[in-house]
Amino acid sequence: MKTLVYAGPGKVEVQEKPFPELRPGQVRIKVHYCGICGSDIGIFSGKHPRAKAPLVLGHEFIGIIEETAEDSKKFKKGDRVAPYPLLSCGECFACANGIPHVCDTLKLIGIDVDGGIAEFICCDEDVLFKLDDGITDKAAAVIEPLAVIIRTMHQADFQMLNTAAVIGAGPIGVLTGIVLKHAGASRIIISDVDQQRLDICKEFGLETVNVQDHNLEEYIEQQTDGAGVDTVFECSGSAQAAAQMTKICRIGGRICLTGVHKEPHAVNLQYEK
């Protein structure tokens, strides 16, 4: 079968590999779509701390079950499925207390084991979910990043008619803005340095700020009469965002770190008015 393999910093190759071996408790999936995550770009550039070449990339995939193991009870051939790509140990403190997504030895499909940018992949049944027929393949391929946003919303305790600022208009930031809109936010301000990304946000009816042209802190202060927004969703992982996020959030508001900060950044914890 054909796979897309990370072969070292700055190198990916289409390679022929044997069909994955089907083990007990697993199903073999014919992949239909696989998204490319920011972590995949980090792997490609050689900056991911764990991913090692050679590695088949991809954890945002969906497909059709082609074959099931003999002990399969949950799925059948022809079922369309999406994975929960986190691989937890099931035994550490986090796993034992219902938060396996922060497992002490957390691993991910497509980072620690071969992923879904391939014709076929074998997965354990217990990390798969059957897809509703009403969801298109393309829409289903963003289920994993959408799940990140939904959890973010719950963590932030976001309420209808709240105001929000989204820092970073990459795929996660745009998706956050779309979900906020459907959740009934009264105002959504999304910022970035890339005007092309911000133009896409405008197509979704989001209010945009290009921070190369405008000071985000001043803009939000003016637009909220100095109060700040109810919730800040930091989706960029940038040093500038780390410094700004406490200044644009209202007193008693919430800041949700959705983006991954790859290195330590200064955070302004001083109250200023």
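View 1. Lys130 counts as exposed at 52% relative accessibility, whereas Asp79, at 6% relative accessibility, counts as buried. In this predicted model, the two residues form a salt bridge in which the closest N and O atoms are 3.6 Å apart. The pair links distant parts of the chain, since Lys130 belongs to strand β10 (residues 128-130) and Asp79 to the loop between β5 (60-68) and β6 (80-83), 51 residues apart.

**View 2. The salt bridge between Arg50 and Asp112.** The side chains of these two residues meet with an N to O distance of 2.9 Å. Because Arg50 lies in the loop between α1 (38-44) and β4 (55-56) while Asp112 lies in the loop between β8 (107-108) and β9 (120-124), the pair ties together parts that are 62 residues apart in sequence. Both partners are partly exposed, Arg50 with a relative accessible area of 36% and Asp112 with one of 26%. The structure holds 9 salt bridges, this pair being one of them.

View 3. Arg197 is partly exposed, with a relative accessible area of 37%, but Asp192 is buried, with a relative accessible area of 10%.

**View 4. The largest nonpolar core and the surroundings of Phe158.** This core has 20 residues, and Met153, Phe158, Val166, Leu180 and Phe233 are those with the most contacts inside it. At least two residues of the core are supplied by each of α4 (143-156), β11, α5 (171-182), β12 (187-192) and α6 (195-203), and the largest share, 4 residues, comes from α5. When neighbours within four places in sequence are left aside, Phe158 is in contact with Met153, Thr163, Ala164, Leu180, Ala185, Thr231 and Phe233. Another core, of 13 residues, lies apart from the largest one and has Ala165, Ile167, Tyr219 and Cys249 among its members. In soluble globular proteins, nonpolar side chains tend to be buried together.

**View 5. The buried residues of helix α8.** Within this helix (residues 239-248), the buried residues are Ala241, Ala242, Gln244, Met245 and Ile248. The buried residues of α8 pack against β11 (163-167), α7 (216-223), β14 (229-234) and β15 (249-257).

Terms used. Residues are numbered from 1 along each chain as its sequence is written. This is a predicted model: local features need pLDDT of at least 70, side-chain atom pairs count only at pLDDT 80 or more; totals for chains, interfaces and linings use all residues. Side-chain values use heavy atoms; hydrogens and water are left out. A salt bridge is a side-chain nitrogen of Lys or Arg within 4 Å of a carboxyl oxygen of Asp or Glu. Buried means under 20% relative accessible area, exposed over 50%, partly exposed in between (1.4 Å probe, protein chains only). Contact means heavy atoms within 4.5 Å. A nonpolar core is a set of buried Ala, Val, Leu, Ile, Met, Phe, Trp, Tyr and Cys residues joined through side-chain atoms within 4.5 Å.
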